[in-house]
Amino acid sequence: MRKLIFGHLVYLYTPIGILAAIAGILAGGPWVWVGMGIFGFNILMDTLTKGVHTRGAAVNKQGQPVGSAGMLNLMMYVQLLSFAALQVAVVWRIYQYLAGVPIETMMWNGFAYQNGITGWELYAVVVGAAMHQGLGIIFGHELSHTKGIGFLISRMMMGLSGVAAFCYAHVYNHHLELGRAWLGPEGNKMMDDSDPATAPRGRGLYKHLGISTIGQSYFGFRTEQRRLKRMGKSFFSLSNRWIRGYLISLPTVALFGGVGYLASGAEGALFSLGCMLVIWVISSFELEALNYMEHYGLIRVKDQPIEYRHSWDNDNVFTSWAFIASPAGPSSRSAARPTTTTAARPTSGSCRASASRLRPTAAPTR
């Protein structure tokens, strides 16, 4: 029973939260604030448990996984459906707002829900959905470390937020060049041996959002440019994995744009696409905020191995148990940590919702 609970069921917290957010959107009225409320509760609990650490819910005292790999993978794969359902619920409410559907209480199979939506309620729907869509990026990030169907699902999850191109950059750039910050076009233009996801000392969080997002996309562009040239293929073809990454987002764009157009013509389409962009920016911000806090100020010498000390960590009990976090290194509390000789301390709090395979299992000295 303990293996079932701590090896599997604790990781249902996030999926249940996403389903609760969807249910709130469908119920309408004050229930649309459920998504934002859950997210706020998560931050509060992570803060309150910052002094309680764990090696992770899915490992035993020897640091070995206790859950079934097949069951855990399946739990992650099926989340693609919940994130797609979240966007369908959002566009339904956008349609009602643009079409001016009268606000009234209606019944469906014995359940009461509010038909129609106000402007403030739509705000709660879009922002709450964006916060939980960011968790979709977290799931996609974890699956990007896999191959085959897992990697494809990863790309599809990331595509819901317009960042499917992230997957190749994360595996083939970030995992190799971690700790060697890309300084932007004014610094090292070629970016062949640097990592956009590593924030150097002194860079602000919002600046990092732009540099990291653009840099990772630029890496994919250059990588495919060279690869296809070697293969004798055109850059503008379906063999281009960078282009395919953005094409994966077309169904989402068509969904938002099409529903907005049906509700209120061209202006409605622009409004709906604007809501989509808000969701994309907020969800991408969550990813880059994690990158920022995990690697801020950490420095790795070129050609030296990636070690535990090249990642900040958060092993708070709530974060480790309630999300898809699982340590992937030795489960020793004495794992190597960043020191003042190689890293500056992060400038903001650390609320981690996923674990990188490059991360130490113990939190660094704060």
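Me: At what angle do helix H7 and helix H8 pack, and how far apart are their axes?
Reply: Please keep in mind that this is a predicted model. Helix H7 covers residues 149-159 and helix H8 covers residues 166-177. They pack at an angle of about 125°, and their axes are 9 Å apart.

Me: What does that make H7 relative to H8?
Reply: That angle makes H7 oblique to H8. Angles over 145 degrees would count as roughly antiparallel, and 65 to 115 as roughly perpendicular.

Me: Which residues meet there?
Reply: From H7, the residues are Phe151, Ser154, Arg155 and Met158. In H8 they meet Phe166, Cys167 and Tyr168.

Me: And how many of those are nonpolar, polar or charged?
Reply: The residues in the contact of H7 with H8 comprise 5 nonpolar, 1 polar and 1 charged.

Me: New topic. How many salt bridges are there?
Reply: The count comes to 4 salt bridges. One of the residues involved is Glu177, whose side chain meets that of Arg300 at 4.0 Å, N to O.

Me: Where do Glu177 and Arg300 sit in the chain?
Reply: The two residues are 123 residues apart, so this pair links distant parts of the chain. Glu177 belongs to helix H8, while Arg300 lies in the loop between helix H11 (250-295) and helix H12 (317-322).

Me: Why does Glu177 count as buried, and what about Arg300?
Reply: Buried means under 20% relative accessible area. Glu177 is buried because its relative accessible area is 16%. Arg300 also counts as buried, because its relative accessibility is 5%.

Me: What about Arg227 and Glu224, how do their side chains meet?
Reply: They form a salt bridge of 2.8 Å, N to O. Both residues lie in helix H9 (residues 205-231), 3 residues apart, which is about one turn of the helix. Arg227 and Glu224 are both buried.

Me: Which residue in helix H10 pairs with Glu224?
Reply: That residue is Arg241, which forms a salt bridge with Glu224, with the closest N and O atoms 2.9 Å apart. This pair also links distant parts of the chain: Arg241 is in helix H10 (residues 241-247) and Glu224 in helix H9, 17 residues apart.

Me: How buried is Glu224, then?
Reply: Glu224 has a relative accessible area of 3%, so it is buried.

Key: Residues numbered from 1 in each chain as written. Predicted model: local features only at pLDDT ≥ 70, side-chain atom pairs only at ≥ 80, totals over all residues. Heavy atoms only, no water. Axes fitted to C-alpha atoms, helices over the stretch in contact; angles between N-to-C directions. Helix = DSSP H or I, 4+ residues; strand = E, 2+ residues; numbered from the N terminus. Parallel < 35°, antiparallel > 145°, perpendicular 65-115°, else oblique. Contact = heavy atoms within 4.5 Å. Nonpolar A, V, L, I, M, F, W, Y, C, P; charged D, E, K, R; others polar. Buried < 20%, exposed > 50% of the residue type's maximum accessible area, 1.4 Å probe, protein only.
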